[in-house]
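Here is a short tour of a protein model. Keep the sequence and the 3D view open as you read.

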Amino acid sequence: MVAPSQLVAARASARRFGVQYAGYLAGRLTAREIEDAAAELVRELRRYPPRVTPAQQRHMPTVRRVTVEPTAATVLAVATLQTAEAPSFQISFVLERRGSRWLVTRLLDT
Amino acid sequence: MGAIATSTGSLRIAVALAAALVLVLAAFASLLGVAVGFDTCTGGDQPGPSAAADREIPARYLTAYRTAGRAFAVPWQILAAIGAVETNHGRLDAPGVRSGVNRYGCCAGPMQFNLTDGPPSTWQRYGVDGDHDGTKDVYDPEDAIPSAANYVRTLLRDADGDLRQAIFGYNHSHAYVNDVLARARDYADDISVATDGCASGVDAPAGPADIRAAQRLTAPRAFRTLPTWGMAGGRAPQPVDARIYTDVIWMLRRYHLRVTAAREDGHSTHGDGTGIDLVPADGITQGVWDASAGQLAHDLGWNPGCAVSGVRPSCPLVPAIQFVGYDGYPGHGSPRTCGGDCPAHLHISWASGCYGTGGLSAPCAWVIAFASSAERSAPARTVTEQ
């Protein structure tokens, strides 16, 4: 199980990813500019980029909350995002330790 | 003369009555809002708008969403949520909303139809003349919204009724899907899909009449491949014995699960297609596991006392099920008991004459499945997004 001390670093990485991914969803960052995304996730995002809608371009979501849960070797994270006055929604992703860093390796279908 | 006058008067009355009847019928059709002229379905009862929907959605758009939802048997609030996430119901003055195309040069209108993929483009394939003015105008909400409903209906059919998968088809982003679903829930309480013949295809699987009842099936001796949406983590679709297919699909929907392994070679109890491994579609927390995989295990008769056995009769499973591998059974279970080298999953094996087969084998002579209900072959049912 991931040690509590490592969980702090993973949580910080998860929050940074949440903020950067929100910028990506709004078309303000490219996949390569998401610093806390692992190479395989960047490749996937570049291969299957979501379509940025006019409304997403106009109003970038903000990160309200990030929760993390350790598993055997990875950390599962849920970021709660909100766009203007709209209801909040969540994105879920997996972080893995790569060298000294925690990187997001995949987004979950949830 | 008198007779002729009477006859002429009767004729006038008859003509007047016929004309009135035509007018009444025309008015009735108009009131129904049925989009005559393209293939429509009956969407049945749909929930009314919430206070948030009334407050946030322009009246013209709200009417168009609800009419299109009914006409194409898709939840109107999903259409409205897509309209919100795309263009704030056509209110944005950004490029491509009211004229031209978006910044990426592809998409246009309040529902952001792609005009450039293809040919035929998505708009060419799914665009309809919703207001019957003789033109299909991608910028006109009375055309664009029923066109989106037409598109979503097809996406739902292709996704076998799975709402998440259908929305993902509209825009390939899980964040987009979650945003749409959150707004849809804000617009109306119940997000349900009337999966009748037009929404989900002819083989929309229904639930069993009673999972505590069973039927012994000797036909068809065949395999049937699971839909892509039913597999976990982008795995390639695998087959199951055709006689348990509807049971499996029902489980996936009812308990929001996905398959990690079905019929595959060299996997104990998986060779004959009567065993499956499942994980939650939302496999994040132990609470989610308990509410999905754990709930199914319990509903099938499993209890913690079954742990190291998992088979009948020591484990009081329902008649159709031979084995449940969950918390406590080696190599199986939720993250509560399964971690590290143990890949968390719930295993279910149906009872069959070939139980335990590891190598690929032909369909078994007999399989016991849940007792089918009249509903199983019924043309319509409701699947609720969970």
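Leaving aside neighbours within four places in sequence, which residues is B:Thr260 in contact with? They are B:Ala232, B:Arg235, B:Gln238, B:Asp277, B:Leu278 and B:Val279. Contact here means heavy atoms within 4.5 Å.

Some ground rules come next. This is a predicted model, where local features need pLDDT of at least 70 and side-chain atom pairs count only at pLDDT 80 or more, while totals for chains, interfaces and linings use all residues. Residues are numbered from 1 along each chain as its sequence is written, chains are lettered from A and ligands numbered from 1 in the order in which they are written, and side-chain values use heavy atoms, with hydrogens and water left out.

**Around B:Thr260**

B:Thr260 is found in strand β7 (residues 257–261) of chain B. Helices (H or I, at least four residues) and strands (E, at least two) are DSSP runs, numbered from the N terminus. B:Thr260 has 18% relative accessibility, so it counts as buried. Buried means under 20% relative accessible area, exposed over 50%, and partly exposed in between (1.4 Å probe, protein chains only). B:Ala236 is 24 residues from B:Thr260 in sequence, and the two are 9.5 Å apart in space, C-alpha to C-alpha.

**The sheet in chain B**

Four strands of chain B form an open sheet in the order β7-β8-β10-β9, with antiparallel pairing. Two strands pair if DSSP finds at least two bridges between them. β7 and β9 (321–325) of chain B stand at the edges with a single partner strand each, so one side of each has no neighbour in the sheet. The twist averages 30° from one strand to the next. β9(B) pairs with strand β10 (residues 346–350) of chain B in the antiparallel sense, over four bridges. In that region, B:Ile321 stands opposite B:Trp350 in β10(B). Helix α11 (residues 286–299) of chain B packs on this sheet and touches β7, β8 (275–280), β9 and β10 of chain B. The direction of α11 makes about 155° with that of β8(B). Axes are lines fitted to C-alpha atoms, for helices over the stretch in contact, and angles run from 0 to 180 degrees between N-to-C directions.

**Helix pairs in chain B**

Two packed helices are described by the angle between their axes and the distance between the axes.

| Helix pair | Axis distance | Crossing angle |
|---|---|---|
| α3(B) (residues 59–72) and α4(B) (residues 76–87) | within 8 Å | roughly 135° |
| α6(B) (residues 141–158) and α7(B) (residues 163–170) | within 8 Å | roughly 125° |

α3(B) is oblique to α4(B), and α6(B) and α7(B) are oblique to each other. Angles under 35 degrees count as roughly parallel, over 145 as roughly antiparallel, 65 to 115 as roughly perpendicular and the rest as oblique.

In α3(B), B:Leu62, B:Tyr65, B:Arg66, B:Ala68 and B:Gly69 meet B:Trp76, B:Leu79, B:Ala80 and B:Gly83 in α4(B). The residues of this contact divide into six nonpolar, two polar and one charged. Ala, Val, Leu, Ile, Met, Phe, Trp, Tyr, Cys and Pro count as nonpolar, Asp, Glu, Lys and Arg as charged, and the others, Gly among them, as polar.

In α6(B), the residues B:Ala148, B:Tyr151, B:Val152, B:Leu155 and B:Leu156 meet B:Leu163, B:Ala166, B:Gly169 and B:Tyr170 in α7(B). The contact of α6(B) with α7(B) has eight nonpolar, one polar and no charged residues.

**Chain B overall**

Chain B comes to 11 helices and 12 strands. Of its 386 residues, 53% count as buried.
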